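Look at the sequence and the model below.

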Amino acid sequence: MKNPEVLNQMKAGNSKDQIMLGDYPKALSEAIMNTINTNKDISAKLLNDEAIYDKFARAMLNVFMQNLNKGMA
């Protein structure tokens, strides 16, 4: 939610699939890497398994979209 490009993509009403093709995956990867020292095992699993990463990314996108719709952005 701190990434202005991703937030703009969500506010513009882009579909989740469009957002997944935009800046969101890179922003999420960077956020995961920024917490790697705190959550080493989880971060490593997310960054090394594309299927798990995709599920996590889509789940987090749902949370972000719900927060945006509730005015929490």
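In helix α3, the buried residues are Y24, P25, A27, L28, S29 and I32. Buried means under 20% relative accessible area, exposed means over 50%, and partly exposed is in between (1.4 Å probe, protein chains only). The helices are DSSP runs (H or I, at least four residues), numbered from the N terminus. The buried residues of α3 pack against α1, α2, α4 and α5. An α-helix has 3.6 residues a turn, so residues three or four places apart point the same way.

This is a predicted model, in which local features need pLDDT of at least 70 and side-chain atom pairs count only at pLDDT 80 or more, while totals for chains, interfaces and linings use all residues. Residues are numbered from 1 along each chain as its sequence is written, and side-chain values use heavy atoms, with hydrogens and water left out.

**Single residues**

S29 belongs to helix α3. Its relative accessibility is 19%, so S29 counts as buried. Not counting residues up to four places away in sequence, S29 touches L47 and Y53; contact here means heavy atoms within 4.5 Å. The side chains of S29 and Y53 are also joined by a polar contact of 3.0 Å. A polar contact is a pair of N or O atoms within 3.5 Å; within protein, one must be able to donate a hydrogen and the other to accept it, and residues adjacent in sequence count only if both atoms are side-chain atoms.

Q9 lies in helix α1. Q9 counts as buried because its relative accessible area is 16%. A polar contact of 3.3 Å links the side chains of Q9 and D23. With residues up to four places away in sequence left out, Q9 touches N14, I19, G22, D23 and Y24.

V6 is also placed in helix α1. With a relative accessible area of 5%, V6 is buried. Leaving aside neighbours within four places in sequence, V6 is in contact with D23, Y24 and A27.

I19 is found in helix α2, and its relative accessible area of 0% makes I19 buried. Apart from neighbours within four places in sequence, the contacts of I19 are Q9, M10, N14, Y24, P25, L61 and M65.

N39 sits in the loop between α3 and α4. Is N39 buried or partly exposed? N39 counts as partly exposed because its relative accessibility is 33%.

| Pair | Apart in sequence | C-alpha to C-alpha |
|---|---|---|
| V6 and V63 | 57 residues | 14 Å |
| I19 and I32 | 13 residues | 18 Å |
| N39 and N62 | 23 residues | 22 Å |

**The nonpolar core**

A nonpolar core is a set of buried Ala, Val, Leu, Ile, Met, Phe, Trp, Tyr and Cys residues joined through side-chain atoms within 4.5 Å. The largest one has 16 residues, and those with the most contacts inside it are M10, I19, Y24, L28, A57 and L61. Two or more residues of this core come from each of α1, α2 (16-21), α3 and α5. Which element gives the most to this core? It is α5, with six residues.

**The largest pocket**

Rolling a probe the size of a water molecule over the atoms shows where empty space is left. On a 1 Å grid over the protein atoms alone, using a 1.4 Å probe, a pocket is an open set of points with protein on both sides within 12 Å along at least five of seven lines; lining residues have an atom within 4 Å of a point. Grid points are joined across faces, edges and corners, and a volume is the space filled by probe spheres set on the points.

The largest pocket has a volume of about 380 Å³. It is lined by 19 residues, of which A27, L28, A31, I32 and F64 are the closest to its centre. The elements that give two or more residues to this lining are α1 (4-11), α3 (24-34), α4 (40-48) and α5 (50-69). Helix α3 gives the most, with five residues.

By type, the lining of the largest pocket has 14 nonpolar residues, four polar and one charged. Here Ala, Val, Leu, Ile, Met, Phe, Trp, Tyr, Cys and Pro count as nonpolar, Asp, Glu, Lys and Arg as charged, and the others, Gly among them, as polar.
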